[in-house]
Amino acid sequence: MAPARKDFYQILGVDEKAGAEKIKKAFRTLAKQYHPDANRGDEKAAEQFKEVGEAYSVLSDSAKRTQYDQMRSLGAFGIGPDRRSSAHAQGAHPVFSFDDLQGGFGNFSDLFSSVFDLGKQSSAGARKRHRESGRNMEYMVEIPFLMAVRGGKVSVDVSYTEDCATCGGEGATPGTETRGCPECGGTGDILFGQGGFAVKRPCPACFSRGKIPGVPCGSCSGRGAVRQQRKIQVTVPPGVETGSRVQLSGQGEKGRGGGKRGNLIITFRVESHRFFKRDGLNVHVAVPINIVQATLGSKIKVQTVSGQKVVLRIPEGTQSGTKFRISGQGIRKDGHTGDQYIEVLVEVPEELTEEEHRAMEEFATATGMRH
Ligand SMILES: [Zn+2]
Ligand SMILES: [Zn+2]
(Lines give C-alpha, C1' and ligand atoms only; values in the text may rest on other atoms or scores of the structure.)
(Ligands and ions follow the chains in the order given, each with its own letter.)
Protein backbone atom coordinates (compact mmCIF):
# COMPACT_ATOMS: atom_id res chain seq x y z
CA MET A 1 0.00 0.00 0.00
CA ALA A 2 1.23 3.43 -0.79
CA PRO A 3 2.16 5.33 2.34
CA ALA A 4 -0.02 8.29 3.12
CA ARG A 5 1.68 11.53 2.30
CA LYS A 6 -1.29 13.68 2.97
CA ASP A 7 -3.11 14.78 6.01
CA PHE A 8 -6.21 12.70 6.74
CA TYR A 9 -8.10 15.77 7.87
CA GLN A 10 -7.25 17.47 4.62
CA ILE A 11 -8.29 14.47 2.60
CA LEU A 12 -11.73 14.49 4.17
CA GLY A 13 -11.88 18.28 4.14
CA VAL A 14 -12.63 18.59 7.86
CA ASP A 15 -10.75 20.33 10.60
CA GLU A 16 -8.94 18.50 13.35
CA LYS A 17 -11.66 19.20 15.88
CA ALA A 18 -14.40 17.75 13.68
CA GLY A 19 -16.77 15.39 15.47
CA ALA A 20 -17.65 11.85 14.44
CA GLU A 21 -20.83 12.87 12.59
CA LYS A 22 -19.04 15.47 10.55
CA ILE A 23 -16.29 13.05 9.61
CA LYS A 24 -18.82 10.44 8.62
CA LYS A 25 -20.72 12.91 6.52
CA ALA A 26 -17.58 14.06 4.73
CA PHE A 27 -16.62 10.48 4.04
CA ARG A 28 -20.04 9.61 2.66
CA THR A 29 -19.93 12.49 0.24
CA LEU A 30 -16.41 11.81 -0.98
CA ALA A 31 -16.78 8.06 -1.16
CA LYS A 32 -19.84 8.48 -3.36
CA GLN A 33 -18.01 10.95 -5.53
CA TYR A 34 -14.98 8.72 -6.09
CA HIS A 35 -16.68 5.35 -5.97
CA PRO A 36 -15.34 3.03 -8.69
CA ASP A 37 -18.88 2.28 -9.88
CA ALA A 38 -19.27 5.94 -10.71
CA ASN A 39 -15.78 6.34 -12.18
CA ARG A 40 -15.13 3.33 -14.35
CA GLY A 41 -11.52 3.17 -15.44
CA ASP A 42 -10.55 6.41 -13.77
CA GLU A 43 -7.36 5.64 -11.90
CA LYS A 44 -7.14 9.01 -10.23
CA ALA A 45 -10.62 8.61 -8.79
CA ALA A 46 -9.70 5.10 -7.68
CA GLU A 47 -6.67 6.45 -5.85
CA GLN A 48 -8.76 9.17 -4.23
CA PHE A 49 -11.40 6.65 -3.26
CA LYS A 50 -8.73 4.63 -1.52
CA GLU A 51 -7.28 7.66 0.24
CA VAL A 52 -10.68 8.73 1.47
CA GLY A 53 -11.26 5.23 2.83
CA GLU A 54 -7.90 5.19 4.55
CA ALA A 55 -8.49 8.56 6.13
CA TYR A 56 -11.94 7.61 7.33
CA SER A 57 -10.88 4.25 8.71
CA VAL A 58 -8.44 6.02 10.98
CA LEU A 59 -10.42 9.12 11.91
CA SER A 60 -13.60 7.17 12.59
CA ASP A 61 -11.92 4.99 15.18
CA SER A 62 -11.30 6.97 18.35
CA ALA A 63 -8.27 4.93 19.45
CA LYS A 64 -6.63 5.16 16.05
CA ARG A 65 -7.51 8.79 15.77
CA THR A 66 -5.92 9.61 19.13
CA GLN A 67 -2.78 7.82 18.12
CA TYR A 68 -2.78 9.50 14.74
CA ASP A 69 -3.28 12.92 16.33
CA GLN A 70 -0.35 12.34 18.61
CA MET A 71 1.90 11.34 15.77
CA ARG A 72 0.66 14.23 13.71
CA SER A 73 1.42 16.72 16.48
CA LEU A 74 4.90 15.32 16.76
CA GLY A 75 5.79 16.48 13.30
CA ALA A 76 3.11 15.35 10.97
CA PHE A 77 3.89 12.19 9.13
CA GLY A 78 7.55 12.03 9.86
CA ILE A 79 7.77 9.13 12.22
CA GLY A 80 10.18 6.72 10.71
CA PRO A 81 10.16 5.36 7.21
CA ASP A 82 7.37 3.19 6.02
CA ARG A 83 8.54 -0.28 6.87
CA ARG A 84 7.27 -2.09 3.84
CA SER A 85 7.77 0.37 1.09
CA SER A 86 10.90 2.25 2.12
CA ALA A 87 12.66 0.96 -0.96
CA HIS A 88 10.14 2.80 -3.11
CA ALA A 89 9.74 5.84 -0.95
CA GLN A 90 12.43 7.76 -2.80
CA GLY A 91 14.45 8.38 0.30
CA ALA A 92 13.78 11.96 1.18
CA HIS A 93 10.14 11.94 2.23
CA PRO A 94 9.48 10.79 5.70
CA VAL A 95 6.13 9.12 5.63
CA PHE A 96 3.47 7.89 7.95
CA SER A 97 2.27 4.40 7.42
CA PHE A 98 -0.94 2.91 8.68
CA ASP A 99 0.93 -0.08 9.81
CA ASP A 100 2.36 2.10 12.51
CA LEU A 101 -1.09 2.24 13.96
CA GLN A 102 -2.30 -0.47 16.19
CA GLY A 103 -4.36 -3.01 14.40
CA GLY A 104 -4.28 -1.42 10.98
CA PHE A 105 -7.74 -1.02 9.53
CA GLY A 106 -10.51 -3.34 8.66
CA ASN A 107 -12.04 -4.60 5.54
CA PHE A 108 -13.08 -1.78 3.26
CA SER A 109 -16.38 -3.30 2.31
CA ASP A 110 -17.37 -3.49 5.95
CA LEU A 111 -16.36 0.10 6.43
CA PHE A 112 -18.28 1.21 3.40
CA SER A 113 -21.34 -0.82 4.32
CA SER A 114 -21.41 0.41 7.87
CA VAL A 115 -21.41 4.03 6.76
CA PHE A 116 -23.92 3.64 3.98
CA ASP A 117 -26.16 1.20 5.83
CA LEU A 118 -25.80 -1.15 2.96
CA GLY A 119 -27.41 -4.44 3.53
CA LYS A 120 -27.47 -7.34 1.17
CA GLN A 121 -27.88 -5.11 -1.82
CA SER A 122 -24.53 -3.47 -1.35
CA SER A 123 -23.04 -2.35 -4.60
CA ALA A 124 -19.57 -2.24 -3.19
CA GLY A 125 -17.87 -5.40 -2.22
CA ALA A 126 -20.83 -7.31 -0.88
CA ARG A 127 -21.72 -8.59 -4.35
CA LYS A 128 -23.05 -12.11 -4.07
CA ARG A 129 -21.92 -14.29 -6.86
CA HIS A 130 -24.31 -17.10 -6.23
CA ARG A 131 -28.04 -16.65 -6.01
CA GLU A 132 -28.52 -13.01 -6.69
CA SER A 133 -32.04 -11.68 -6.87
CA GLY A 134 -32.89 -10.47 -10.33
CA ARG A 135 -33.07 -6.80 -11.16
CA ASN A 136 -36.31 -4.89 -11.37
CA MET A 137 -37.00 -3.83 -14.91
CA GLU A 138 -38.82 -0.69 -15.94
CA TYR A 139 -40.67 -0.14 -19.17
CA MET A 140 -42.68 2.74 -20.52
CA VAL A 141 -45.74 1.69 -22.47
CA GLU A 142 -47.79 3.95 -24.70
CA ILE A 143 -51.51 3.19 -24.73
CA PRO A 144 -54.49 4.69 -26.59
CA PHE A 145 -56.67 7.18 -24.77
CA LEU A 146 -59.75 4.99 -24.68
CA MET A 147 -57.80 2.00 -23.37
CA ALA A 148 -56.55 4.15 -20.55
CA VAL A 149 -60.13 5.15 -19.75
CA ARG A 150 -61.78 1.75 -20.06
CA GLY A 151 -58.88 -0.53 -19.15
CA GLY A 152 -57.63 -3.37 -21.27
CA LYS A 153 -54.63 -5.47 -22.08
CA VAL A 154 -51.45 -4.58 -23.84
CA SER A 155 -48.52 -6.79 -24.70
CA VAL A 156 -45.01 -5.60 -23.98
CA ASP A 157 -41.80 -6.97 -25.47
CA VAL A 158 -39.36 -7.29 -22.63
CA SER A 159 -35.75 -8.33 -23.08
CA TYR A 160 -34.01 -10.14 -20.28
CA THR A 161 -30.51 -11.31 -19.59
CA GLU A 162 -30.88 -14.87 -18.38
CA ASP A 163 -28.75 -17.86 -17.56
CA CYS A 164 -28.10 -19.76 -20.77
CA ALA A 165 -30.38 -22.79 -20.90
CA THR A 166 -27.86 -24.90 -22.82
CA CYS A 167 -25.07 -24.70 -20.27
CA GLY A 168 -27.10 -23.74 -17.21
CA GLY A 169 -25.11 -20.53 -16.91
CA GLU A 170 -21.75 -22.33 -16.66
CA GLY A 171 -20.50 -21.16 -20.05
CA ALA A 172 -19.14 -24.59 -20.98
CA THR A 173 -20.45 -27.05 -23.52
CA PRO A 174 -22.21 -29.63 -21.36
CA GLY A 175 -20.04 -32.65 -20.63
CA THR A 176 -16.76 -30.84 -21.23
CA GLU A 177 -14.12 -29.95 -18.69
CA THR A 178 -13.57 -26.58 -17.08
CA ARG A 179 -10.46 -25.29 -15.36
CA GLY A 180 -9.86 -22.72 -12.68
CA CYS A 181 -9.66 -19.14 -13.91
CA PRO A 182 -6.03 -17.94 -13.89
CA GLU A 183 -7.04 -14.27 -13.68
CA CYS A 184 -8.83 -14.46 -10.37
CA GLY A 185 -7.42 -17.73 -9.08
CA GLY A 186 -10.86 -19.28 -9.20
CA THR A 187 -12.51 -16.87 -6.81
CA GLY A 188 -14.54 -15.07 -9.48
CA ASP A 189 -13.52 -11.69 -8.10
CA ILE A 190 -10.60 -9.47 -8.77
CA LEU A 191 -9.34 -7.25 -6.01
CA PHE A 192 -9.46 -3.63 -6.94
CA GLY A 193 -6.89 -1.56 -5.09
CA GLN A 194 -4.42 -3.05 -2.71
CA GLY A 195 -3.95 -4.12 0.86
CA GLY A 196 -6.70 -3.74 3.37
CA PHE A 197 -8.68 -1.47 1.08
CA ALA A 198 -9.21 -3.73 -1.83
CA VAL A 199 -12.68 -3.74 -3.30
CA LYS A 200 -13.85 -6.88 -5.03
CA ARG A 201 -15.01 -6.62 -8.62
CA PRO A 202 -16.38 -9.46 -10.75
CA CYS A 203 -13.64 -11.10 -12.79
CA PRO A 204 -14.11 -10.22 -16.47
CA ALA A 205 -12.11 -13.22 -17.71
CA CYS A 206 -14.48 -15.83 -16.29
CA PHE A 207 -17.61 -13.66 -15.90
CA SER A 208 -17.14 -14.10 -12.15
CA ARG A 209 -17.68 -17.85 -12.26
CA GLY A 210 -14.08 -18.68 -11.26
CA LYS A 211 -13.96 -21.31 -14.00
CA ILE A 212 -12.93 -21.19 -17.62
CA PRO A 213 -14.64 -23.60 -20.00
CA GLY A 214 -12.41 -25.92 -22.07
CA VAL A 215 -15.03 -25.78 -24.83
CA PRO A 216 -17.15 -22.62 -24.57
CA CYS A 217 -20.87 -23.17 -24.89
CA GLY A 218 -22.04 -22.52 -28.45
CA SER A 219 -25.33 -20.94 -27.41
CA CYS A 220 -23.84 -18.16 -25.30
CA SER A 221 -20.21 -18.07 -26.51
CA GLY A 222 -19.10 -18.94 -23.02
CA ARG A 223 -20.77 -16.02 -21.30
CA GLY A 224 -23.26 -18.20 -19.49
CA ALA A 225 -25.94 -15.61 -20.09
CA VAL A 226 -28.16 -14.88 -23.05
CA ARG A 227 -30.48 -12.10 -24.06
CA GLN A 228 -34.10 -13.27 -24.18
CA GLN A 229 -37.17 -11.54 -25.54
CA ARG A 230 -40.51 -12.23 -23.98
CA LYS A 231 -43.96 -10.91 -24.67
CA ILE A 232 -45.72 -10.02 -21.47
CA GLN A 233 -49.43 -9.33 -21.24
CA VAL A 234 -50.03 -6.31 -19.08
CA THR A 235 -53.47 -5.57 -17.72
CA VAL A 236 -54.27 -1.89 -17.93
CA PRO A 237 -56.52 -0.92 -15.05
CA PRO A 238 -59.39 1.44 -15.97
CA GLY A 239 -58.66 5.11 -15.42
CA VAL A 240 -54.86 5.10 -15.73
CA GLU A 241 -53.12 8.34 -16.63
CA THR A 242 -49.72 9.21 -18.02
CA GLY A 243 -47.28 8.34 -15.24
CA SER A 244 -49.49 5.65 -13.66
CA ARG A 245 -47.47 2.57 -12.82
CA VAL A 246 -48.23 -1.09 -12.34
CA GLN A 247 -45.84 -3.59 -10.86
CA LEU A 248 -45.76 -7.20 -11.99
CA SER A 249 -44.09 -9.18 -9.25
CA GLY A 250 -41.64 -11.80 -10.34
CA GLN A 251 -41.68 -10.68 -13.99
CA GLY A 252 -38.37 -8.85 -13.88
CA GLU A 253 -34.94 -10.16 -14.64
CA LYS A 254 -34.17 -13.65 -13.49
CA GLY A 255 -31.71 -13.85 -10.63
CA ARG A 256 -28.32 -15.32 -11.49
CA GLY A 257 -27.62 -18.74 -10.06
CA GLY A 258 -31.30 -19.45 -9.42
CA GLY A 259 -32.05 -16.31 -7.43
CA LYS A 260 -35.61 -15.09 -7.56
CA ARG A 261 -36.87 -12.85 -10.30
CA GLY A 262 -37.09 -9.13 -9.86
CA ASN A 263 -40.25 -7.21 -10.67
CA LEU A 264 -41.42 -5.63 -13.87
CA ILE A 265 -42.56 -2.06 -13.47
CA ILE A 266 -44.69 -0.58 -16.24
CA THR A 267 -45.24 3.15 -16.53
CA PHE A 268 -48.06 4.20 -18.84
CA ARG A 269 -48.05 7.05 -21.28
CA VAL A 270 -51.47 7.89 -22.60
CA GLU A 271 -51.84 9.08 -26.18
CA SER A 272 -54.03 12.08 -26.79
CA HIS A 273 -57.44 11.69 -28.46
CA ARG A 274 -58.91 13.59 -31.39
CA PHE A 275 -62.06 14.60 -29.52
CA PHE A 276 -61.79 13.74 -25.87
CA LYS A 277 -59.66 15.67 -23.43
CA ARG A 278 -59.18 14.53 -19.90
CA ASP A 279 -59.13 16.56 -16.72
CA GLY A 280 -58.92 14.29 -13.71
CA LEU A 281 -61.99 12.07 -13.96
CA ASN A 282 -63.87 14.53 -16.16
CA VAL A 283 -63.87 14.43 -19.92
CA HIS A 284 -64.26 17.44 -22.20
CA VAL A 285 -65.38 17.56 -25.81
CA ALA A 286 -66.22 20.36 -28.19
CA VAL A 287 -69.16 19.86 -30.57
CA PRO A 288 -70.02 22.12 -33.49
CA ILE A 289 -73.68 23.12 -34.03
CA ASN A 290 -75.16 25.37 -36.68
CA ILE A 291 -76.93 28.70 -36.22
CA VAL A 292 -80.37 27.17 -36.61
CA GLN A 293 -79.69 24.55 -33.92
CA ALA A 294 -78.36 27.27 -31.68
CA THR A 295 -81.18 29.68 -32.36
CA LEU A 296 -84.23 27.43 -32.45
CA GLY A 297 -82.89 24.69 -30.21
CA SER A 298 -82.38 21.02 -31.13
CA LYS A 299 -81.27 17.63 -29.97
CA ILE A 300 -77.81 16.34 -30.79
CA LYS A 301 -76.15 12.96 -30.20
CA VAL A 302 -72.93 12.96 -28.29
CA GLN A 303 -70.45 10.10 -27.97
CA THR A 304 -69.18 9.28 -24.47
CA VAL A 305 -65.90 7.64 -23.46
CA SER A 306 -67.73 4.45 -22.56
CA GLY A 307 -68.88 4.17 -26.17
CA GLN A 308 -72.52 5.16 -25.65
CA LYS A 309 -74.38 7.80 -27.59
CA VAL A 310 -76.22 10.22 -25.37
CA VAL A 311 -78.89 12.66 -26.60
CA LEU A 312 -78.22 16.21 -25.52
CA ARG A 313 -80.95 18.83 -25.73
CA ILE A 314 -79.76 22.22 -26.98
CA PRO A 315 -82.18 24.89 -25.79
CA GLU A 316 -83.31 27.83 -27.93
CA GLY A 317 -80.88 30.67 -28.04
CA THR A 318 -77.78 28.74 -27.03
CA GLN A 319 -74.61 30.80 -27.28
CA SER A 320 -71.39 29.52 -28.75
CA GLY A 321 -69.08 28.33 -25.96
CA THR A 322 -71.92 27.17 -23.70
CA LYS A 323 -70.97 24.07 -21.69
CA PHE A 324 -73.33 21.24 -20.90
CA ARG A 325 -72.66 18.55 -18.38
CA ILE A 326 -73.66 14.92 -18.73
CA SER A 327 -73.42 13.57 -15.25
CA GLY A 328 -71.71 10.23 -14.64
CA GLN A 329 -70.32 9.88 -18.15
CA GLY A 330 -66.72 10.66 -17.30
CA ILE A 331 -63.95 8.32 -16.24
CA ARG A 332 -64.53 5.62 -13.65
CA LYS A 333 -61.72 4.89 -11.27
CA ASP A 334 -61.58 3.38 -7.80
CA GLY A 335 -65.32 3.73 -7.28
CA HIS A 336 -65.49 7.35 -8.45
CA THR A 337 -66.96 8.58 -11.69
CA GLY A 338 -66.43 11.87 -13.43
CA ASP A 339 -68.72 13.78 -15.79
CA GLN A 340 -68.58 14.63 -19.44
CA TYR A 341 -68.63 18.29 -20.45
CA ILE A 342 -69.77 19.35 -23.88
CA GLU A 343 -68.89 22.74 -25.20
CA VAL A 344 -70.99 23.75 -28.20
CA LEU A 345 -69.38 25.88 -30.86
CA VAL A 346 -71.80 27.68 -33.15
CA GLU A 347 -70.64 27.63 -36.73
CA VAL A 348 -71.57 30.47 -38.99
CA PRO A 349 -72.10 29.46 -42.64
CA GLU A 350 -69.30 30.66 -44.85
CA GLU A 351 -71.32 30.71 -48.04
CA LEU A 352 -75.03 31.09 -48.72
CA THR A 353 -77.05 30.19 -51.79
CA GLU A 354 -79.16 32.93 -53.34
CA GLU A 355 -82.28 31.58 -51.66
CA GLU A 356 -80.60 31.39 -48.27
CA HIS A 357 -79.29 34.86 -48.77
CA ARG A 358 -82.77 36.16 -49.42
CA ALA A 359 -84.08 34.38 -46.34
CA MET A 360 -81.35 35.94 -44.28
CA GLU A 361 -82.21 39.39 -45.58
CA GLU A 362 -85.85 38.83 -44.61
CA PHE A 363 -84.74 37.67 -41.20
CA ALA A 364 -82.64 40.79 -40.85
CA THR A 365 -85.50 43.05 -41.79
CA ALA A 366 -87.97 41.24 -39.50
CA THR A 367 -85.67 41.46 -36.49
CA GLY A 368 -84.47 44.97 -37.26
CA MET A 369 -80.87 43.71 -37.16
CA ARG A 370 -80.09 45.70 -40.25
CA HIS A 371 -81.40 49.13 -41.08
ZN1 LIG B 1 -24.37 -21.40 -22.63
ZN1 LIG C 1 -11.81 -15.21 -13.18
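**A hairpin, a sheet and a core**

Mentor: In this predicted model, β12 and β13 form a hairpin with 5 residues between them, and Gly-307 in the turn has a positive phi of about 100 degrees. Strands are DSSP runs of E with at least two residues, and helices are runs of H or I with at least four, numbered from the N terminus.

Trainee: How many bridges join β12 to β13?
Mentor: There are 6 bridges between β12 (residues 298–303) and β13 (residues 309–314), and the two run antiparallel. Two strands pair if DSSP finds at least two bridges between them. Lys-299, for example, has Arg-313 in β13 as its bridge partner.

Trainee: How is everything numbered, and which parts can I use?
Mentor: Residues count from 1 along each chain as its sequence is written, while chains are lettered from A and ligands numbered from 1 in the order in which they are written. As this is a predicted model, local features need pLDDT of at least 70 and side-chain atom pairs count only at pLDDT 80 or more, whereas totals for chains, interfaces and linings use all residues.

Trainee: What is the order of the open sheet of 4 strands?
Mentor: The order is β10-β11-β17-β14, with mixed pairing. β10 (277–279) and β14 (323–326) stand at the edges with a single partner strand each, so one side of each has no neighbour in the sheet.

Trainee: And which way do β10 and β11 run?
Mentor: They run antiparallel, joined by 3 bridges. Asp-279 has Asn-282 in β11 as its bridge partner.

Trainee: New topic: which residues have the most contacts inside the largest nonpolar core?
Mentor: They are Phe-8, Leu-12, Phe-27, Leu-30, Val-52 and Ala-55, in a core of 15 residues. Such a core is a set of buried Ala, Val, Leu, Ile, Met, Phe, Trp, Tyr and Cys residues joined through C-beta atoms within 7 Å. A residue is buried if 20 or more other C-beta atoms lie within 10 Å of its own, exposed if 12 or fewer, and partly exposed in between, with C-beta atoms placed from the backbone.

Trainee: Which element gives the largest share of this core?
Mentor: That is α3, with 6 residues. Val-52 and Ala-55 are among the buried residues of α3.

Trainee: What does Phe-8 touch beyond its neighbours within four places in sequence?
Mentor: Phe-8 is in contact (C-beta atoms, placed from the backbone, within 7 Å) with Ala-55, Val-58, Leu-59 and Tyr-68.

Trainee: How much of the protein is buried overall?
Mentor: Of its 371 residues, 23% count as buried.

Notes:
Contact = placed C-beta atoms within 7 Å.
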